[in-house]
Amino acid sequence: MNGDEAPEPRWLIAANVVRWRRYGEGGQELRPGTKSCRGGSKVYVIGHRPGGADVLTAIGRGRRTGTYITLDLATRHLHTFRAELVRSPAILRRDAESDAGRGWDGREHTAERAARFERQAAGERLARWEGLPHPTPCRCHECLTLSSG
């Protein structure tokens, strides 16, 4: 592909960074988003580490720079996974340059994998702090989801 050609659109998994995440001893602290991304930011999952999917490789806008970066994120820090046809040349170029281990292609397979990641992320968030009380007041992803529903 030369510099003038637009890359072909590709199905990727889009997700959002949790607005608040529990942190610290017993999960009693809350932190907004992650170190690299603001809470609510949209990212595109382009792969996962071999041997598991608890860490995903994604492309998103950096917290401080606002430019696209490629980063590894814990699955539990993402939510609302969905299949999306991406046409952005910047994202597609970063995806092509990455050596992330993608295990999906096409709309149906991408949607199936997105649903699997959604279930996994919810399970990981629950298991991480199982049996420990939430801080008061709590704005973690689960509490915000319950209060808005």
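## Surface and overall build

Accessible areas come from the Shrake-Rupley method with a 1.4 Å probe, and for residues only the protein chains shown count as cover. On that basis the accessible surface of the chain comes to about 8,600 Å², and 48% of this surface belongs to carbon and sulfur atoms. The model is a predicted one, in which local features need pLDDT of at least 70 and side-chain atom pairs count only at pLDDT 80 or more, while totals for chains, interfaces and linings use all residues. Residues are numbered from 1 along each chain as its sequence is written, and side-chain values use heavy atoms, with hydrogens and water left out.

The secondary structure comes to three helices and seven strands, where helices (H or I, at least four residues) and strands (E, at least two) are DSSP runs numbered from the N terminus. Read from the N terminus on, the elements run β-β-β-β-β-β-β-α-α-α. Taken along the principal axes, the C-alpha atoms fill a box of roughly 55 × 30 × 30 Å. For 149 residues a compact globule would have a radius of gyration near 15 Å, and the 16 Å of the chain agrees with this; the radius is taken over C-alpha atoms, and the globule rule is 2.2 Å times the number of residues to the power 0.38.

## Burial and contacts

Of the 149 residues, 37% count as buried, a word that here means under 20% relative accessible area, with exposed meaning over 50% and partly exposed lying in between (1.4 Å probe, protein chains only). A contact means heavy atoms within 4.5 Å. Among the contacts in the chain with a separation of 6 or more, 65% are accounted for by residues 24 or more positions apart.

Aspartate 95 is an example of a buried residue, with a relative accessible area of 7%, and it lies in helix 1, which covers residues 89–97. Not counting residues up to four places away in sequence, aspartate 95 touches Arg10, Leu12, Ile46, Ile59 and Arg102.

## The largest pocket

Rolling a probe the size of a water molecule over the atoms shows where empty space is left. On a 1 Å grid over the protein atoms alone, a pocket is an open set of points with protein on both sides within 12 Å along at least five of seven lines, whereas a cavity is a set of points where a 1.4 Å probe fits but cannot get out; lining residues have an atom within 4 Å of a point. Grid points are joined across faces, edges and corners, and a volume is the space filled by probe spheres set on the points.

The largest pocket has a volume of about 310 Å³. It is lined by 19 residues, of which Arg22, Arg76, Arg125, Arg128 and Trp129 are the closest to its centre. Two or more lining residues come from each of strand 2 (20–23), helix 2 (107–128) and helix 3 (141–148), and strand 2 gives the largest share, four residues. By class, the lining has seven nonpolar, five polar and seven charged residues; Ala, Val, Leu, Ile, Met, Phe, Trp, Tyr, Cys and Pro count as nonpolar, Asp, Glu, Lys and Arg as charged, and the others, Gly among them, as polar.

## The loop between helix 2 and helix 3

Cysteine 140 lies in the loop between helix 2 and helix 3 and is buried, with a relative accessible area of 2%. Leaving aside residues up to four places away in sequence, cysteine 140 touches Trp20, Arg22, Leu30 and His134. Histidine 134 is in this loop too, but is partly exposed at 35%; among the residues that histidine 134 touches are Arg22, Gln28 and Cys143. The loop also holds proline 137, and the peptide bond from threonine 136 to proline 137 is cis, with omega near -15°.

Tryptophan 20, in strand 2, is partly exposed, with a relative accessible area of 24%. Its contacts include Leu30, Pro32, Arg139, Cys140 and Leu144. Although tryptophan 20 and arginine 139 are 119 residues apart along the chain, their C-alpha atoms are separated by 6.1 Å.

Threonine 80, which has its place in strand 7 (residues 78–86), has a positive phi of about 55° although it is not a glycine. At 37% relative accessibility, threonine 80 counts as partly exposed. Alanine 111, in helix 2, is 31 residues from threonine 80 in sequence and 12 Å from it in space, C-alpha to C-alpha.
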